[in-house]
Amino acid sequence: NKYILLAARTSMGKSTLAAHIMSNVIECNPEIGDPLYFSTEASQDGVVRSTIGSRCGLHAKKIAKRSLNDEERTKLWDAANSENLKRHHVYYGPGKSIAQLRAICKRHKANYGLPLLIVDLAGKLSGPGFKENERLSYISKSLFELKAELDTCLIATVQIGRGVAMNVGKRPTLMDLKGSGSWEEDADRVLLVHWPGYYGGKDYRTEIIQAKDRD
């Protein structure tokens, strides 16, 4: 029953990491119900390609281009026919409101349980407010309330501002959360994704920085 923020620059892998977490929850805790992956940007096909690719060690772009050899096609087929994959529920909802998200989650919980809710790019949900920071503040506080109402763990992925490139080592901090301080204030835990190779060089490792933990 936590509200966890997963933040990174665009195309740095936060959505893929969230999909990995969903897969692990399904495999390690099959008795507690099925998670829901709610995407405001990536299509259902895109999320599915990423999920299947992570299971068989193939990049989603390679799957999309269909540039696979016989061995890779066999791995892809086996992953796609996994029983656990049938429990990956993905909902594509660009421009949906918090009220619409709540209704979708309640329906899912009634049918499948809801041990985990992932809201990918939560900042693209619709909300009131003429200013961007007002809208994002509303979204963050609403998600905090929603996880309590649903009694579930909620992971929201959000973007980090471009100003992080000016930091020492280009490492992200809480100050770099894009648009509103409410993200930091409301979240129980904030995880920042840092990939040095994003800015050039040959360091392809990814670091997960735990920037906040309410406990």
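How do the residues of the lining of the largest cavity divide into nonpolar, polar and charged?

Reply: The lining of the largest cavity divides into seven nonpolar residues, one polar and two charged. The model is a predicted one, and every value here is computed from it.

Rolling a probe the size of a water molecule over the atoms shows where empty space is left. In this model the count comes to one cavity of 30 Å³ or more. The volume of the largest cavity is about 40 Å³. Its lining is made up of Ala8, Arg9, Met12, Ile160, Val164, Lys170, Pro172, Val193, His194 and Tyr199. Arg and Lys count as charged, so Arg9 and Lys170 are the two charged residues of this lining.

Two of the lining residues, Lys170 and Tyr199, are also related to each other directly. Lysine 170 lies over the face of tyrosine 199, 5.8 Å from the ring centre. The cut-off for a charge over a ring is 6 Å from the ring centre.

Tyrosine 199 also takes part in ring pairs. A pair of aromatic rings is described by the distance of the centres and the angle of the planes. A search of the whole structure finds four aromatic pairs. In one of them, tyrosine 198 and tyrosine 199 stand edge-to-face, with 5.1 Å from centre to centre and 75 degrees between the planes. Edge-to-face requires planes over 60 degrees apart, so the angle of 75 degrees puts this pair in that class. Ring pairs join Trp195, Tyr198 and Tyr199 into a cluster.

Tyrosine 199 has a relative accessible area of 27% and is therefore partly exposed. Tyrosine 198 counts as partly exposed because its relative accessibility is 26%. Partly exposed covers the range between the 20% limit for buried and the 50% limit for exposed.

The largest pocket has a volume of about 1000 Å³. Its lining holds 31 residues, and Ser11, Gly13, Thr16, Ser50 and His59 lie nearest its centre. The elements giving two or more residues to that lining are α1 (14–28), α2 (44–56) and α3 (60–65). By class, the lining of the largest pocket has twelve nonpolar, 14 polar and five charged residues.

Serine 11, one of the residues nearest the centre of the largest pocket, sits in the loop between β1 (3–8) and α1. Serine 11 is exposed because its relative accessible area is 63%. Most residues other than glycine have a negative phi. Serine 11 has a positive phi of about 65 degrees although it is not a glycine.

The second largest pocket has a volume of about 180 Å³. Its lining includes Leu121, Lys124, Glu132, Gln159 and Trp183. Both α6 (132–150) and β5 (153–159) supply at least two residues of this lining, and the largest share, three residues, comes from β5. The lining of the second largest pocket has five nonpolar, three polar and three charged residues.

Between α6 and β5 runs a loop that contains aspartate 151. Aspartate 151 has a positive phi of about 55 degrees, although it is not a glycine. With a relative accessibility of 53%, aspartate 151 counts as exposed.

Conventions:
Residues are numbered from 1 along each chain as its sequence is written. This is a predicted model: local features need pLDDT of at least 70, side-chain atom pairs count only at pLDDT 80 or more; totals for chains, interfaces and linings use all residues. Side-chain values use heavy atoms; hydrogens and water are left out. Rings of Phe, Tyr and Trp (its six-membered ring) pair if their centres lie within 6.5 Å; planes under 30 degrees apart count as stacked, over 60 as edge-to-face and the rest as tilted. Buried means under 20% relative accessible area, exposed over 50%, partly exposed in between (1.4 Å probe, protein chains only). A charge sits over a ring if NZ of Lys or CZ of Arg is within 6 Å of the ring centre and within 35 degrees of the ring normal. On a 1 Å grid over the protein atoms alone, a cavity is a set of points where a 1.4 Å probe fits but cannot get out, and a pocket is an open set with protein on both sides within 12 Å along at least five of seven lines; lining residues have an atom within 4 Å of a point. Grid points are joined across faces, edges and corners, and a volume is the space filled by probe spheres set on the points. Helices (H or I, at least four residues) and strands (E, at least two) are DSSP runs, numbered from the N terminus.
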